Amino acid sequence: MVLKVENLRVGYGKIEVLKGITLEVSQGKITALVGANGAGKSTTLMAISGILPFKEGSMELDGRRIKRIRPDEIVSRGIVQVPEGRRVFRGLTVLENLQLGAFGRQKDRTVKEDIERVYRLFPILSERQKQEAGTLSGGEQQMLAIGRALMAKPKILLLDEPSLGLAPLVVEKIFDVLLKIQAEGVGILLVEQNARWALEAAAWAYVLETGKIVLEGEGRKLLMNTQVRKAYLGE
Amino acid sequence: MSAVVLLILVALPLFNHNEYHLEVLVSAGIFAILVLGLNVMTGYCGLLNLGQAAFFAAGAYTYALLNVKLGLSFWVSLPACVISAGGLGLLFGSCVLRLKGDYLALVTLGFGEIVRIALNNMDSLTGGPNGLTVSHPVIGLSPKSFDFGIKSMPYYYLTLLAIIVTVIITNRLSSSRFGRAWIAIKEDEVAAACMGINTGKLKLLAFCAGSAIAGFAGWLFAGKQGFVSPDSFDFITSIMLVAMLVLGGIGSISGSIVGAVALTVLPEILRPLQQYRMFLFGAVMIVMMLFRPQGILGGMRIFEEFRPENERVRQEEDEVLSEDLRQ
């Protein structure tokens with residue numbers, strides 16, 4: 001499956017945040033979106049998820065145009081977002097959070113198997129399944145947020161800053177799992193402040209600056225780019 | 001525990017024949033049903049409704065009109081009362097549920113007033129401020145029939161039964177996948193939408209269910225009073241229902257009932273204080289919210305996690321998690 005976004009323009013009121021963005025995400029590959037704070041990375045993901053309306057532009061899934069559909073319809077087509085800051089349902093248990101991830105396909109008998117699969121990826125979640133999500137540590141909450149999104153059986157996973165505020169070893173563990181998920185054929189659009197890791201793992205990467213894509217290329221090549229090194233890797 | 005409470009409630013009228021006490025308990029019971037309905041909207045789904053009295057009125061007036069105009073009996077009118085209130089909720093909800101938080105609260109407040117004023121002014125249909133006199137419920141056929149009449153005892157048991165039915169329904173709803181989705185919407189609507197939950201449809205469902213339950217209470221109320229007038233469905237009623245829910249514990253079924261009983265019985269107990277009654281009533285509410293903001297039976301779940309010591313525990317857990325991964 002290939003997701004194509006063309007000339008996407010999104011704004012809040014009169015302020016235009018995205019000034020025409022074109023990008024492509026394909027299944028089984030990691031695509032990175034890097035950029036400074038306020039460049040419009042999260043806005044891009046929210047627009048793709050159908051939470052924010054497009055002012056202009058179009059979205060294509062496997063060559064078929066999709067316009068103006070609800071967030072739940074986007075999810076049922078296989079595009080699922082893990083929002084920034086985890087946003088797990090704090091008052092619900094780990095298990096309930098995972099079940100909610102499969103809300104759109106609850107009648108499906110494979111839900112139980114998928115919960116097991118998430119537990120295999122993140123064994124700590126299985127230990128904590130009866131615990132309320134609000135009592136989990138930051139790292140565990142991020143694992144839960146990813147697991148919850150996987151419950152929707154995504155073909156394309158949109159990840160917004162999965163390493164935000166986490167200990168380096170926890171980040172490492174999460175990135176390991178992302179590679180596993182990718183190897184199973186899921187496409188990942190990764191928004192990351194940890195630009196080095198994102199660019200290393202990404203088959204293709206885009207650099208976003210104040211609502212425009214200023215640079216794109218293979219992840220490893222962008223890592224060599226002096227502009228990128230200066231701006232995002234602190235060299 | 002709940003079985004013991006139920007047994008006490010069933011046996012109560014056998015030991016206490018005081019008409020006034022039973023009357024107060026029947027009112028409390030009808031309020032409890034209304035609060036249980038409000039709990040579905042506000043407690044589960046986070047939709048603050050300051051116009052629950054409008055749906056209460058819809059149920060009550062549906063029975064009154066069917067009885068007065070068409071001569072339908074109390075029991076036969078039940079489905080129509082629930083459907084008309086639920087339908088009104090569906091209609092109104094589909095117009096306004098795009099609004100969030102305070103804005104929704106304001107619109108529901110306005111709606112509640114519109115319904116009351118409309119009932120007050122549609123003289124030819126509703127009798128305006130004079131209201132409508134309706135029949136009390138009757139069981140059985142005419143020679144051997146039993147009329148509920150004006151004694152409180154039969155209504156006490158009918159209300160108890162109605163509460164049990166409502167508790168079963170709302171309990172089922174809360175443990176269903178819809179119940180989980182409602183809590184998700186209440187906690188974080190954007191995250192819920194990201195999970196593929198059709199938030200618009202589910203909010204409407206919660207609103208419709210809550211208003212249908214209010215219609216059920218209205219039906220019971222009209223039959224018990226034998227009279228309906230717009231005065232019973234004013235803004236203060238709606239506010240009291242919210243106060244009952246908050247006092248009892250938002251999101252809790254047993255809390256909804258306890259809140260309704262407490263706020264119906266308390267003003268009665270305070271009656272000897274005459275004009276200082278509401279003053280003390282207000283003070284009790286303030287003290288309650290200061291020392292137990294989650295309500296009498298509200299779960300500790302939500303508030304526990306904001307305590308600083310838990311934040312520290314979480315950070316330590318992350319360190320332990322890192323340790324585990326290192327090995």
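This is a predicted model: local features need pLDDT of at least 70, side-chain atom pairs count only at pLDDT 80 or more; totals for chains, interfaces and linings use all residues.

Guide: Residues are numbered from 1 along each chain as its sequence is written, while chains are lettered from A and ligands numbered from 1 in the order in which they are written.

Visitor: How many residues does the contact take from chain A and from chain B?
Guide: Two residues are in contact if their C-beta atoms, placed from the backbone, lie within 7 Å. On that basis, chain B gives 26 residues and chain A gives 35 residues.

Visitor: How do the residues of chain A that touch chain B divide into nonpolar, polar and charged?
Guide: Ala, Val, Leu, Ile, Met, Phe, Trp, Tyr, Cys and Pro count as nonpolar, Asp, Glu, Lys and Arg as charged, and the others, Gly among them, as polar. The side of chain A that touches chain B then has 13 nonpolar, 13 polar and nine charged residues.

Visitor: In what order do the four strands of the open sheet in chain A lie?
Guide: Strands are DSSP runs (E, at least two residues), as are helices (H or I, at least four), numbered from the N terminus. Two strands pair if DSSP finds at least two bridges between them. The edge strands of chain A, each pairing on one side only, are β2 (15-26) and β5 (64-66). The pairing is antiparallel, and the order is β2-β1-β4-β5.

Visitor: Which residue of β2(A) is the bridge partner of A:Val10?
Guide: Strand β1 (residues 2-12) of chain A pairs with β2(A) in the antiparallel sense over nine bridges. In β2(A), the partner of A:Val10 is A:Leu18.

Visitor: Is B:Thr133 buried, exposed or partly exposed?
Guide: B:Thr133 sits in strand β1 (residues 132-133) of chain B. A residue is buried if 20 or more other C-beta atoms lie within 10 Å of its own, exposed if 12 or fewer, and partly exposed in between, with C-beta atoms placed from the backbone. B:Thr133 has 14 such neighbours inside 10 Å, so it counts as partly exposed.

Visitor: What is the radius of gyration of chain B?
Guide: The radius of gyration is taken over C-alpha atoms, and the globule rule is 2.2 Å times the number of residues to the power 0.38. With 327 residues, a compact globule would have a radius near 20 Å; chain B agrees with that, at 22 Å.
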